[in-house]
Amino acid sequence: MNNLVQGIIFSGTGGDGTIFAIETIAYMLNGKGYHVTVSQTYGPEQRSGLVCSECILAPPEKIARLFTENYDILAAMDNTSLERYEKVVISDGLIVLNSTKVTDRPKRTDVRNVKINAGSIAMKELKKPVVANMVILGAIVAASGIATID
């Protein structure tokens with residue numbers, strides 16, 4: 001991972017595990033000495049409503065900002081998340097799409113797109129479709145180099 005402050009946004013519908021996924025990223029990176037700030041936004045409907053979780057991180061020698069308007073990484077669990085948050089990813093950023101639920105194509109051509117059939121992988125490999133968020137998290141780690149799996 002580079003030494004710049006990074007922002008990650010993970011969005012889906014209530015029940016997709018977006019909050020757990022971003023907290024997992026934050027816990028992992030905090031354990032490696034990074035400063036992290038986490039926030040979540042969701043409507044009163046929580047289950048099946050849009051949920052957005054954000055993690056701002058910085059290496060040990062820097063202080064993490066509380067908020068950012070531009071993110072390095074977007075994990076979109078559904079079409080609504082892609083449509084709403086695609087525009088906040090920086091140029092040359094990364095968008096990881098859960099192709100189980102995302103049928104739309106990203107409009108941006110200045111970012112890297114990774115599609116992964118997280119629901120199918122979660123069911124086939126782990127026999128639990130509810131862990132699609134962890135499959136997406138693994139794809140983020142693999143595609144971005146933000147951390148190592150150890």
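Colleague: Which pattern does the protein chain follow along the sequence?
Modeller: Reading along, you get β-α-β-β-β-α-β-β-α-α, with helices (H or I, at least four residues) and strands (E, at least two) taken as DSSP runs numbered from the N terminus. The radius of gyration is 14 Å, close to the 15 Å that the globule rule gives for 150 residues, so the protein chain is as compact as a globular protein of that length. That radius is taken over C-alpha atoms, and the rule is 2.2 Å times the number of residues to the power 0.38.

Colleague: What kind of model is this, and how are residues numbered?
Modeller: This is a predicted model, where local features need pLDDT of at least 70, side-chain atom pairs count only at pLDDT 80 or more, and totals for chains, interfaces and linings use all residues. Residues are numbered from 1 along each chain as its sequence is written, and side-chain values use heavy atoms, leaving out hydrogens and water.

Colleague: Switching to Glu54, where is that found?
Modeller: In strand S3, residues 50–58.

Colleague: And is Glu54 buried or exposed?
Modeller: Buried, meaning under 20% relative accessible area (1.4 Å probe, protein chains only). Glu54 has no salt bridge, which would take a side-chain nitrogen of Lys or Arg within 4 Å of a carboxyl oxygen of Asp or Glu. The nearest side chain of opposite charge, Arg84, is 9.7 Å away.

Colleague: What is Glu54 in contact with, then, leaving aside neighbours within four places in sequence?
Modeller: Ile8, Ile9, Ile22, Thr37, Val38, Ser39 and Tyr71, with contact meaning heavy atoms within 4.5 Å.

Conventions:
Buried < 20%, exposed > 50% of the residue type's maximum accessible area, 1.4 Å probe, protein only. Lys, Arg positive; Asp, Glu negative; His and termini not counted.
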